[in-house]
Amino acid sequence: MTSLSHPGESCALLGSLVERIDVGIFAVDRTGTVALWNRFMAVHSGKSSSEMLGQNLFAMFPELPRPWLEKKLESVFVLGNNAFTLWELRPYLFRFPHNRPITGGLDTMRQNVTFLPLRTPGGEVSLVCGTVFDYTETALAQHSLHDAIAALNKEKDAQAQLIVKLEAAQNQLLQSEKMASIGQLAAGVAHEINNPIGFVNSNLQTLKKYCEQMLQLISTYEPTEAQITDSGLLSRISNLKQALDIEFLQEDLPALIKESEEGLVRIKKIVEDLKDFSHVNESEWQYADINAGLDSTLNVVWNEVKYKATVDKHYGELPAIECLAAQLNQVFMNLIVNAVQALDESKGMGTITLSTGHQDEWVWVEVRDNGRGMSDETRRRVFEPFFTTKPVGKGTGLGMSVSYNIVQKHHGRIELTTAPDEGSCFRVWVPVKQAQAAAP
Amino acid sequence: MTMEFISDDQRDALQEVANIGMGQAGASIARVLGEFVELSVPRISTVDAAGIPAALAALAGDGVASAVRQAFIGELRGEAIAIFSEHSAHDLAELLAYGDALDAPAGCELLLDIGNVLVGACLGGIAGLLRTEIGFSAPSLLADQVATSDLIQAETIAARCALLVEVRFGLEKRVFRCHLVMLMPEDALAALRRALDRFIEEF
């Protein structure tokens, strides 16, 4: 500008600048009559300055938000300060086509518009000038950024979920490894015990027979005692009989044998249950009797239960259900052991109630105790891995989380109702058939 | 509070200028909005950077608020912040000819528009009295419906301390309430002092 000599020349240059600058420039007076319309506006709107000058802006562009824009212009006239519109909030003021008819992108040009007061020499605002800046490229860049961030966030969420699943899987692996080795141990022990039990049982049967025969012999001999004339022999027999308490012996011997037989039956049953429970070789889906599974599980943990609680059973008629029996047994064991541990020993023997039932295509097993119940905190976290209310070293905090996962694997669910000092009740729902596993 | 930045005379002058400026601003805003505007007497104080969030929270009271910031540029330099409590700004939608259905972007634009009008009128008034030109940046949203204590984060404040001029706005018969705060950084205060001295000499 410094080289300009004539004011007229400077005005012409300014006019040319306004005309050619790559920014939309227009001006209106208080009535909305257009006083300036540069080339940018003409090119993009398709309305030349000769068409526009002297016309009412709103008449020429009926799609403009008239009351709002009039208010905005009014505020510039009154206050003499700039006003603005931003493309982020109001994508455009004038509906201009964007500059990507081929490569696509946005439907209309994104615009930032600044309204400037133009003052007459007296100081009054006579015109408001609008400058329209094309922000389409920025908007496109920002949109792709938004999309990228959204995609990243989605991925991040998916990963977070994956991590949770991984953790659960790892915990379950840990616990099932443990259970598998316990199962193997139990099965091995059961097998080893089976052998000696076999011959003890067989021997006992023989022994029983021998005893019966001996007793038969003695009872045959007894009536002949009266014919013994040797008084010495007679008194020796009678002394011996007294010393041996032969009458009691005759009575007690069959009883002892019978008790031993019963003991053996029990040992056999426990061994069977151990084998059932561990199911070392059965990791496949099979149809199993849940009531029987519950009973054999109860037998395995009976030692934990018998001094602390009486067990009430209310078993319903159940169909055989498709399940991983060994794993469900593990769930029942966790629930029963936890129920026993939740009992308040200061109140004497507790009660564990085992119930089963059947509803539509679903079977439920309920383990209820009348123990201490749970706090809200415990109740919220009971299925969380490594959460335990037991002293350090007493519980792994995995039992319930593993149970939860097993039930999930069966497409079932665990319901929990509990109240402090009233006890807790876990109800496990599993579908009869896995293929039809849908929520009841 | 003791004024470390400006003398007592300058402070009195600033109070005077602010009072007159707000009076004029009130009249102009009333012309734009078509309703009578209630304005408090401006309060002037200094705060250090760490105190700015608390000062804003104290103005806005408890609860949730939104804030719009706008820079003013020129001989006098700083930032103005308009704080709107809760949804009270939506009350003004009709006055600025916004439609009935105020979606999120429109609600946001409304806040910016109101902020622009208030800041422009008040600071323009003060600048006029001090015979100095100031321009304004486009307003931007500083906080959208956050707890008043989170309107601005202390760690983002660049200035070491600031001069704070606070005005309360209201409209008769409307719930709309707004606080306008003008913050000037310490290093911009020399210009303010000069402008105030000029003002004192002239009257």
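Two strands count as paired if DSSP finds at least two bridges between them. Strands (E, at least two residues) and helices (H or I, at least four) are DSSP runs, numbered from the N terminus. Keep both in mind for A:Val28, which stands opposite A:Val34 in β2(A).

Some ground rules. This is a predicted model, so to speak of local features we need pLDDT of at least 70, side-chain atom pairs count only at pLDDT 80 or more, and totals for chains, interfaces and linings use all residues. Residues are numbered from 1 along each chain as its sequence is written, while chains are lettered from A and ligands numbered from 1 in the order in which they are written.

Confidence next. The complex gets an ipTM of 0.84 and a pTM of 0.61 from the predictor. For chain B the mean pLDDT, the predictor's confidence in each residue from 0 to 100, is 84, and 98% of the residues of chain B reach 70 or more.

Now chain A, starting with strand β1 (residues 24–28). A residue is buried if 20 or more other C-beta atoms lie within 10 Å of its own, exposed if 12 or fewer, and partly exposed in between, with C-beta atoms placed from the backbone. Four of the five residues of β1(A) are buried, so the strand is largely enclosed by the rest of the structure. What does β1(A) pair with? Strand β5 (residues 125–134) of chain A is antiparallel to β1(A), over five bridges. There, A:Ala27 stands opposite A:Cys129. Strand β2 (residues 34–37) of chain A is also antiparallel to β1(A), joined by three bridges. β1(A) and β2(A) make a hairpin with five residues between them, and A:Gly32 in the turn has a positive phi of about 90°.

On to strand β12 (residues 423–431) of chain A. Why call it largely enclosed? Because eight of its nine residues are buried. β12(A) pairs antiparallel with strand β10 (residues 362–369) of chain A over seven bridges. In that pairing, A:Val363 has A:Val430 as its bridge partner. Strand β11 (residues 413–419) of chain A also pairs antiparallel with β12(A), over seven bridges. Here A:Ile414 is bridged to A:Val428. The hairpin of β11(A) and β12(A) has three residues between the strands, and A:Asp421 takes a positive phi near 70°.

One helix: α11 (residues 325–341) of chain A. The expected span is 1.5 Å times one less than the number of residues. For 17 residues that gives 24 Å, and the end C-alpha atoms of α11(A) are 24 Å apart, which agrees. In α11(A), 15 of the 17 residues are buried, so the helix is largely enclosed by the rest of the structure.

Cores. A nonpolar core is a set of buried Ala, Val, Leu, Ile, Met, Phe, Trp, Tyr and Cys residues joined through C-beta atoms within 7 Å. The largest has 96 residues, and B:Ala82, B:Ile83, B:Leu118, B:Cys122 and B:Leu180 touch the most other members. Helix α3 (residues 104–129) of chain B gives this core its largest share, 13 residues. A second, separate core of 39 residues includes A:Leu294, A:Phe332, A:Ala339 and A:Phe426.

Last, the interface. Residues are in contact if their C-beta atoms, placed from the backbone, lie within 7 Å. How many residues does each chain give to the contact? Chain B gives 17 and chain A gives 16. On the chain B side, α1 (8–33) and α3 are the elements that give two or more residues.

Note on methods: Two residues are in contact if their C-beta atoms, placed from the backbone, lie within 7 Å.
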